[in-house]
Amino acid sequence: MADPKDVASNKLVRSLFGRRGIDVTRADLRVMHGVLYIRGAVSAIPGSGIVDLKLEVQNIARLLTQKPDIKDVVIDCMFRA
(Lines give C-alpha, C1' and ligand atoms only; values in the text may rest on other atoms or scores of the structure.)
Protein backbone atom coordinates (compact mmCIF):
# COMPACT_ATOMS: atom_id res chain seq x y z
CA MET A 1 0.00 0.00 0.00
CA ALA A 2 1.25 3.48 -0.88
CA ASP A 3 2.37 5.80 1.89
CA PRO A 4 -0.18 8.63 2.24
CA LYS A 5 2.69 11.14 2.56
CA ASP A 6 4.10 9.98 -0.79
CA VAL A 7 0.67 10.26 -2.43
CA ALA A 8 0.22 13.81 -1.13
CA SER A 9 3.75 14.70 -2.25
CA ASN A 10 3.02 13.35 -5.75
CA LYS A 11 0.04 15.69 -6.02
CA LEU A 12 2.10 18.63 -4.77
CA VAL A 13 4.89 17.94 -7.28
CA ARG A 14 2.55 17.67 -10.27
CA SER A 15 0.72 20.88 -9.38
CA LEU A 16 4.00 22.76 -8.82
CA PHE A 17 5.38 21.75 -12.22
CA GLY A 18 2.13 22.83 -13.89
CA ARG A 19 2.10 26.20 -12.13
CA ARG A 20 5.72 26.82 -13.17
CA GLY A 21 4.88 26.20 -16.85
CA ILE A 22 6.47 22.79 -17.32
CA ASP A 23 4.72 20.02 -19.28
CA VAL A 24 5.21 16.66 -17.55
CA THR A 25 2.76 14.58 -19.59
CA ARG A 26 5.67 12.55 -21.04
CA ALA A 27 7.44 12.27 -17.70
CA ASP A 28 7.13 9.93 -14.75
CA LEU A 29 7.06 11.91 -11.52
CA ARG A 30 6.98 9.64 -8.52
CA VAL A 31 7.71 10.03 -4.82
CA MET A 32 8.79 6.79 -3.16
CA HIS A 33 9.91 6.71 0.46
CA GLY A 34 10.38 10.49 0.40
CA VAL A 35 12.54 10.56 -2.75
CA LEU A 36 11.18 12.29 -5.87
CA TYR A 37 12.14 10.63 -9.15
CA ILE A 38 11.78 12.68 -12.35
CA ARG A 39 12.10 10.42 -15.41
CA GLY A 40 11.09 10.66 -19.05
CA ALA A 41 10.86 13.93 -20.95
CA VAL A 42 9.86 17.37 -19.74
CA SER A 43 9.22 20.43 -21.88
CA ALA A 44 8.19 24.03 -21.41
CA ILE A 45 4.54 24.83 -21.99
CA PRO A 46 4.31 27.21 -24.99
CA GLY A 47 4.07 30.80 -23.78
CA SER A 48 5.49 30.03 -20.34
CA GLY A 49 8.55 32.18 -20.95
CA ILE A 50 11.02 29.60 -19.67
CA VAL A 51 14.47 30.30 -21.11
CA ASP A 52 16.51 27.51 -19.48
CA LEU A 53 14.34 24.45 -18.83
CA LYS A 54 17.06 22.44 -17.09
CA LEU A 55 17.77 25.29 -14.67
CA GLU A 56 14.05 25.69 -13.97
CA VAL A 57 13.68 21.97 -13.13
CA GLN A 58 16.75 22.18 -10.86
CA ASN A 59 15.23 25.21 -9.10
CA ILE A 60 11.99 23.31 -8.56
CA ALA A 61 13.97 20.33 -7.20
CA ARG A 62 15.78 22.62 -4.75
CA LEU A 63 12.46 24.11 -3.67
CA LEU A 64 10.90 20.68 -3.16
CA THR A 65 13.75 19.39 -0.99
CA GLN A 66 12.76 22.07 1.51
CA LYS A 67 9.40 20.36 1.97
CA PRO A 68 9.30 18.06 5.02
CA ASP A 69 8.09 14.95 3.15
CA ILE A 70 10.62 15.11 0.28
CA LYS A 71 14.14 14.14 1.31
CA ASP A 72 15.86 14.06 -2.07
CA VAL A 73 15.24 14.53 -5.80
CA VAL A 74 16.66 12.36 -8.59
CA ILE A 75 16.53 14.05 -12.01
CA ASP A 76 16.88 11.51 -14.83
CA CYS A 77 15.01 13.08 -17.72
CA MET A 78 15.41 14.65 -21.14
CA PHE A 79 14.75 18.34 -21.58
CA ARG A 80 12.76 19.13 -24.74
CA ALA A 81 12.47 22.62 -26.13
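Guide: A residue counts as buried when its relative accessible area is under 20%, as exposed when that is over 50%, and as partly exposed in between. D3 has a relative accessible area of 37%, so D3 is partly exposed. This is a predicted model.

Visitor: Where is D3, then?

Guide: D3 sits in the segment that comes before α1.

Visitor: How far apart in space are D3 and H33?

Guide: Their C-alpha atoms are 7.7 Å apart, although 30 residues separate D3 and H33 in sequence.

Visitor: Let's back up. How many helices and strands does the protein chain have?

Guide: Two helices and four strands. Read from the N terminus, the order is α-β-β-β-α-β.

Visitor: And how compact is the protein chain?

Guide: Its radius of gyration is 12 Å, close to the 12 Å that the globule rule gives for 81 residues, so the chain is as compact as a globular protein of that length. The C-alpha trace spans about 35 × 20 × 20 Å along its principal axes.

Visitor: What share of the residues is buried?

Guide: 33% of the 81 residues count as buried. As for contacts, take those between residues at least 6 apart in sequence: 55% of them join residues at least 24 apart.

Visitor: OK, the core. Which residues of the largest nonpolar core touch the most other members?

Guide: V13, F17, I22, L36, I38 and V42, out of 19 residues in that core. At least two core residues come from each of α1 (4-19), β2 (27-32), β3 (35-44), α2 (53-64) and β4 (72-80).

Visitor: Which element gives the largest share?

Guide: α2, with five residues.

Visitor: Pick one of those core residues. What is I22 in contact with?

Guide: Leaving out neighbours within four places in sequence, I22 is in contact with F17, V42, S43, I45, I50, L53, E56, V57 and I60.

Visitor: Back to α2. What span should its 12 residues have?

Guide: At 1.5 Å a residue, α2 should span 16 Å, and its end C-alpha atoms are 16 Å apart, which agrees.

Visitor: Which residues of α2 are buried?

Guide: L53, E56, V57, I60, A61 and L64. Viewed down the axis of α2, these buried residues fall within an arc of 140°, so they line one face of the helix.

Visitor: What covers them?

Guide: The cover over the buried residues of α2 includes α1, β1 (22-23), β3 and β4.

Visitor: What caps the N-terminal end of α2?

Guide: D52 does, with a side-chain oxygen 3.4 Å from the backbone nitrogen of K54.

Visitor: Which of its residues are buried?

Guide: In α1, D6, S9, V13, L16 and F17 are buried. They cover an arc of only 95° around the axis, which puts them on the same side of α1. On the other side of α1, P4, K11 and R19 are exposed.

Visitor: And what covers the buried residues of α1?

Guide: The cover includes β1, β2, β3 and α2.

Visitor: What follows α1?

Guide: G21 follows α1, and its phi is positive, near 85°. R20 is in the loop between α1 and β1.

Visitor: What is R20 in contact with?

Guide: Setting aside neighbours within four places in sequence, R20 is in contact with I50, E56, N59, I60 and L63. The C-alpha atoms of R20 and V57 are separated by 9.3 Å, and the two residues are 37 apart along the chain. R20 has a relative accessible area of 31%, so R20 is partly exposed.

Visitor: Last one. Is S43 buried or exposed?

Guide: S43 has a relative accessible area of 6%, which means S43 is buried. S43 belongs to strand β3.

Visitor: What does its side chain make a polar contact with?

Guide: The side chain of R26, at 3.4 Å from that of S43. Again leaving out neighbours within four places in sequence, S43 is in contact with G21, I22, D23, R26, L53 and R80.

Definitions and conventions:
Residues are numbered from 1 along each chain as its sequence is written. This is a predicted model: local features need pLDDT of at least 70, side-chain atom pairs count only at pLDDT 80 or more; totals for chains, interfaces and linings use all residues. Side-chain values use heavy atoms; hydrogens and water are left out. A nonpolar core is a set of buried Ala, Val, Leu, Ile, Met, Phe, Trp, Tyr and Cys residues joined through side-chain atoms within 4.5 Å. Buried means under 20% relative accessible area, exposed over 50%, partly exposed in between (1.4 Å probe, protein chains only). Contact means heavy atoms within 4.5 Å. The expected span of a helix is 1.5 Å times one less than its number of residues. The arc is that of the directions from the helix axis to the C-beta atoms. A polar contact is a pair of N or O atoms within 3.5 Å; within protein, one must be able to donate a hydrogen and the other to accept it, and residues adjacent in sequence count only if both atoms are side-chain atoms. The radius of gyration is taken over C-alpha atoms; the globule rule is 2.2 Å times the number of residues to the power 0.38.
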